[in-house]
Amino acid sequence: MPAPTADAAAAPRPIDLLVRGRIVTMQPGATPIADGAVAVDGGDIVACGPFADLDRRFAPRRRLGDANAIVMPGFIDAHTHCTQCFVRSLTANELPMIPRIYNPAQRALSPDQAAAAVRLLSAQLLASGVTTVCEGTLNPDHEAPILAALDEVGIRAVMARGRADQDFYHASLYRQLNETSWAKPRPGEAEADLARTEAMLDAYPPAGRQLIRAAVNASALLGFSEGYFREGAALARRHGATIQVHVGRDREEVEFSLAVWGRRPIERLADLGVVDRHLVAIHAVLASEGEIELLAKGGAALAHSPIECVANMNGVPNLPRFRAAGIRVALGCDNQANDMFANMRACWLLHGAKWGLPAYDPAFLSAGDVLAMATSEAADVLALADRVGTLEPGKAADMVVLDGDRPHLFAAHDLKTELVRYGSRGEIAQTIVEGRVLYDRGDFASIDLDRLRADAAAGAADMERVVEGRRYTPLGD
Ligand SMILES: [Zn+2]
């Protein structure tokens with residue numbers, strides 16, 4: 001009998017958790033590990049490899065998964081607003097509705113309701129395998145309750161904050177007969193608000209181990225001044241944070257930008273020095289060819305919400321063109337379906353119908369690309385790749401365990417294709433953030449569902465009252 005090697009003779013190392021399954025690491029070029037495992041200790045991944053090997057090396061206090069399970073990085077929801085949670089379905093059949101319904105509803109939300117909205121959003125996201133959410137908030141009164149609720153839930157988050165500092169008037173197509181569009185910054189407000197963002201960046205730095213990282217939210221060209229954009233971009237660069245801007249979202253914004261500055265929206269951002277690696281361009285559904293080039297040249301990224309494209313009837317970005325230009329893309333749920341499987345499927349079908357079918361081009365967007373935009377590439381877009389996005393030693397143990405023992409997954413060949421085309425949140429067994437099992441087969445570790453159910457029903461009823469007189473379509477139609 002051969003002498004045992006030093007490694008085999010060593011006592012197994014005690015660790016917190018060992019997760020067994022078919023491992024989709026999402027590392028570039030890596031193929032899934034057939035019967036693999038991820039070893040977790042102190043919130044970090046300490047090893048990832050064949051199960052037999054890790055089972056010998058580690059003595060876990062807890063085990064999850066099995067040989068059939070599928071284990072992958074937690075999804076990243078790269079764009080949302082929790083304060084839209086209670087009003088969502090009231091907006092259907094009500095377009096256009098953002099100034100008429102979303103904005104008044106968000107303004108009416110109390111700080112306690114904002115916290116409840118975070119719990120509701122988080123519960124929906126965790127149950128669909130999302131471990132990181134990027135929240136954009138415009139109301140300073142909501143910031144503290146949102147941060148407290150994120151902390152209480154324990155989900156990873158990027159918190160982009162910023163308050164508008166500019167008055168504007170959009171003389172729409174018809175009012176242009178007698179009026180013109182204009183934008184007027186409110187003096188001093190940009191400086192005061194960006195000082196507040198800088199304080200948040202100091203408290204929640206965009207590096208390190210803490211679960212929440214801050215970001216600059218210069219939400220849109222209409223409400224944020226030239227000075228805000230210039231200084232906000234500089235602030236993002238100084239702190240290594242992202243600056244998040246809704247841009248090229250709808251026709252009214254393009255009209256306004258052309259009327260006031262004589263430039264298309266992304267051209268205007270480029271003029272203001274905002275288009276660099278820190279910029280996350282949100283939506284950009286109306287980006288022209290030249291604007292796509294500007295984003296690519298600057299190294300900026302796109303946050304793309306495929307379901308929102310149809311829900312708000314704003315447009316469909318030329319995603320294959322963005323990708324061919326080398327632009328990094330992250331998928332966001334934007335509070336439409338807080339379900340990343342639904343979002344990935346919508347992405348595949350929407351762009352298949354829009355760009356793949358007319359050219360009979362089955363290679364318009366691969367499943368691996370779609371999955372990357374929901375995990376590894378999204379981590380890069382949000383400046384989180386040092387901690388999450390792939391399963392590898394040294395990164396945080398943010399991951400999802402899927403029950404692979406379901407008939408629709410019995411004959412799996414290519415796991416990435418299976419997940420994007422056929423997977424659903426119904427297979428999610430556990431959702432884990434930094435080694436902590438926050439969702440386990442219907443149970444939430446940090447969310448009281450009875451309280452949440454009551455808060456959500458009350459919030460929804462309140463929002464219905466707030467927007468009642470502003471709706472065009474009676475409920476039920
Ligand atoms: Zn948004």
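**Pockets and helix packing in a predicted model**

The largest pocket is lined by 49 residues, of which I98, P99, N103, F168 and R249 lie nearest its centre. This is a predicted model, in which local features need pLDDT of at least 70 and side-chain atom pairs count only at pLDDT 80 or more, while totals for chains, interfaces and linings use all residues. Residues are numbered from 1 along each chain as its sequence is written, and side-chain values use heavy atoms, with hydrogens and water left out.

**Largest pocket**

- A pocket here is an open set of points on a 1 Å grid over the protein atoms alone, where a 1.4 Å probe fits, with protein on both sides within 12 Å along at least five of seven lines; lining residues have an atom within 4 Å of a point.
- The volume of the largest pocket is about 1,600 Å³, a volume being the space filled by probe spheres set on the points, which are joined across faces, edges and corners.
- Two or more lining residues come from each of α3 (98-108), β6 (130-137), α5 (140-153), β8 (166-169), β10 (212-220) and α8 (251-261); helices (H or I, at least four residues) and strands (E, at least two) are DSSP runs, numbered from the N terminus.
- The element that gives the most to this lining is α3, with seven residues.
- The lining has 15 nonpolar, 20 polar and 14 charged residues, where Ala, Val, Leu, Ile, Met, Phe, Trp, Tyr, Cys and Pro count as nonpolar, Asp, Glu, Lys and Arg as charged, and the others, Gly among them, as polar.

**Second largest pocket**

- The second largest pocket holds about 180 Å³ of space.
- Its lining consists of 17 residues, and A190, E191, L194, G227 and E231 are those nearest its centre.
- The elements giving two or more residues to this lining are α6 and α7, and α6 supplies the largest share, six residues.
- Seven nonpolar, three polar and seven charged residues make up the lining.

**Helices α6 and α7**

- The axes of α6 (residues 189-203) and α7 (residues 226-239) come within 10 Å and cross at roughly 15 degrees; axes are lines fitted to C-alpha atoms, for helices over the stretch in contact, and angles run from 0 to 180 degrees between N-to-C directions.
- That makes α6 roughly parallel to α7 (angles under 35 degrees count as roughly parallel, over 145 as roughly antiparallel, 65 to 115 as roughly perpendicular and the rest as oblique).
- The crossing is right-handed, meaning that the near helix is turned clockwise from the far one by less than a right angle.
- In contact (heavy atoms within 4.5 Å) are A190, D193, L194, T197, E198, L201 and D202 of α6 with Y228, E231, G232, L235, R238 and H239 of α7.
- By class, this contact has five nonpolar, three polar and five charged residues.

**Helices α4 and α5**

- The axes of α4 (residues 111-126) and α5 come within 8 Å and cross at roughly 40 degrees, which makes α4 oblique to α5.
- This crossing is also right-handed.
- From α4, P111, A114, A115, V118, R119, S122 and L126 meet D141, H142, P145, I146, A149, L150, E152 and V153 of α5.
- The contact of α4 with α5 has ten nonpolar, two polar and three charged residues.

**Backbone geometry**

- The L95 to P96 peptide bond is cis, with omega near -10 degrees, and P96 lies in the loop between β5 (75-80) and α3.
- H283, in strand β12 (residues 279-283), has phi near 75 degrees, a positive value in a residue other than glycine.
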